[in-house]
Amino acid sequence: MIRLLPLALASLWNRRLTAGLTVIVVALSVSLLLGVERLRNDARESFASTVSRTDLIVGARSGPVQLLLYSVFHIGDATNEVSWPAVQRIAARQEVAWVVPLSLGDSHRGFRVVGTTPDFFRHYRYGDGRRIGFAAGRPFADVFEAVVGAEVAARLGYRDGVRITLSHGSGAHLADHGDKPFTVVGVLSPTGTPVDRSVLVGLDGIEAIHLNWQGGAPI
């Protein structure tokens with residue numbers, strides 16, 4: 001056995017190029033496998049920390065991944081819409097404890113605008129079930145009132161009483177809803193979720209700024 005070791009080392013040295021490439025390939029394969037597993041765990045933890053104590057996400061016909069990215073992470077746009085009567089029918093079911101509708105599509109200086117209801121502040125949970133809190137102000141109650149996330153407030157210097165204008169869409173060429181400004185009435189505490197980068201307004205506010213609009217432009 002001892003005599004075979006020098007022979008094995010000599011053979012390995014003679015094939016050092018092939019052996020080296022084999023070691024590199026194995027190392028890259030292991031690194032790729034560990035990297036994919038790490039990404040899976042990070043994605044799972046990211047979702048768990050973004051929303052918790054929510055059993056079901058309902059949307060119009062689309063892919064499940066697209067619905068998840070749109071509703072939870074505010075990435076992309078919805079392919080279809082859910083009518084308000086459909087939302088009411090879902091909320092009326094006995095097995096449904098609460099419903100928080102979400103509507104995305106507009107933006108404000110690079111941040112997504114989320115249309116919802118005051119129930120969002122009562123039922124939204126993140127992390128290990130923590131409730132969303134206010135660093136200042138209160139939830140919106142009027143049509144043209146808005147609540148901004150922690151990152152929005154920090155980067156744009158917003159506080160209670162600031163008037164802001166929303167933009168139609170989230171692309172490069174935007175049309176402003178300048179005739180219907182909103183007043184910031186609340187600033188949320190940091191959550192480490194997409195809510196920090198959101199401007200939240202009521203669904204009636206979303207509907208109001210799109211009156212007399214068609215095809216992405218006023219008529």
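**Strands, cores and surface of the predicted model**

From strand β6, Glu145 and Val147 point one way while Ala146 and Val148 point the other way, and all of them are buried. Here buried means under 20% relative accessible area, exposed means over 50%, and partly exposed lies in between (1.4 Å probe, protein chains only). Strands (E, at least two residues) and helices (H or I, at least four) are DSSP runs, numbered from the N terminus. This is a predicted model, in which local features need pLDDT of at least 70, side-chain atom pairs count only at pLDDT 80 or more, and totals for chains, interfaces and linings use all residues. Residues are numbered from 1 along each chain as its sequence is written, and side-chain values use heavy atoms, with hydrogens and water left out.

The protein contains seven helices and 13 strands. Of its 219 residues, 31% are buried. Among contacts (heavy atoms within 4.5 Å) with a separation of 6 or more, 64% involve residues 24 or more positions apart.

Ser107 stands opposite Arg112 in β2. The hairpin of β1 and β2 has two residues between the strands, and Arg109 takes a positive phi near 50° there.

Nonpolar side chains tend to be buried together in soluble globular proteins. A nonpolar core is taken as a set of buried Ala, Val, Leu, Ile, Met, Phe, Trp, Tyr and Cys residues joined through side-chain atoms within 4.5 Å. The largest such core has 17 residues, and those with the most contacts inside it are Val148, Ile164, Leu166, Phe182, Val199 and Val201. At least two residues of this core come from each of β2, β6 (145–148), α6 (150–156), β10 (182–188), β11 (198–202) and α7 (203–209). Strand β10 gives the most, with three residues. A second, separate core has 14 residues, including Tyr70, Val114, Ile132 and Leu188.

Leu166 lies in the loop between β7 (163–164) and β8 (167–168) and counts as buried because its relative accessibility is 0%. Leaving aside neighbours within four places in sequence, Leu166 is in contact with Ser107, His108, Val113, Asp176, His177, Phe182, Val199, Val201 and Ile209. The C-alpha atoms of Leu166 and His108 are separated by 5.0 Å, although these residues are 58 apart along the chain. With the same exclusion of neighbours within four places, the contacts of Ile164 are His108, Ala146, Tyr158, Pro181, Phe182, Val184 and Val199.

Side chains of opposite charge can pair when their charged atoms come close. Six salt bridges were found in a search of the whole structure, each defined by a side-chain nitrogen of Lys or Arg within 4 Å of a carboxyl oxygen of Asp or Glu. One of them joins Asp119 and Arg122 (2.1 Å, N to O), both in helix α5 (residues 119–123) and three residues apart, about one turn of the helix. Asp119 is partly exposed at 23% relative accessibility, as is Arg122 at 45%. Another joins Glu151 and Arg155 (3.4 Å, N to O); both lie in helix α6, four residues apart, again about one turn. Glu151 is partly exposed at 27% relative accessibility, whereas Arg155 is exposed at 60%. Asp128 and Arg130 also meet in a salt bridge (3.3 Å, N to O), with Asp128 exposed at 63% and Arg130 partly exposed at 46%.

Leu17, Leu21, Ile24 and Leu28 make a nonpolar surface patch of about 430 Å². Patches consist of residues with over 30% relative accessible area and no salt bridge, with like charges joined within 9 Å and nonpolar side chains (Val, Leu, Ile, Met, Phe, Trp, Tyr) joined within 5 Å. Ile24 is in helix α2 (residues 16–50) and counts as partly exposed, with 47% relative accessibility.

Terms used: Two strands pair if DSSP finds at least two bridges between them. Accessible areas come from the Shrake-Rupley method with a 1.4 Å probe; for residues, only the protein chains shown count as cover.
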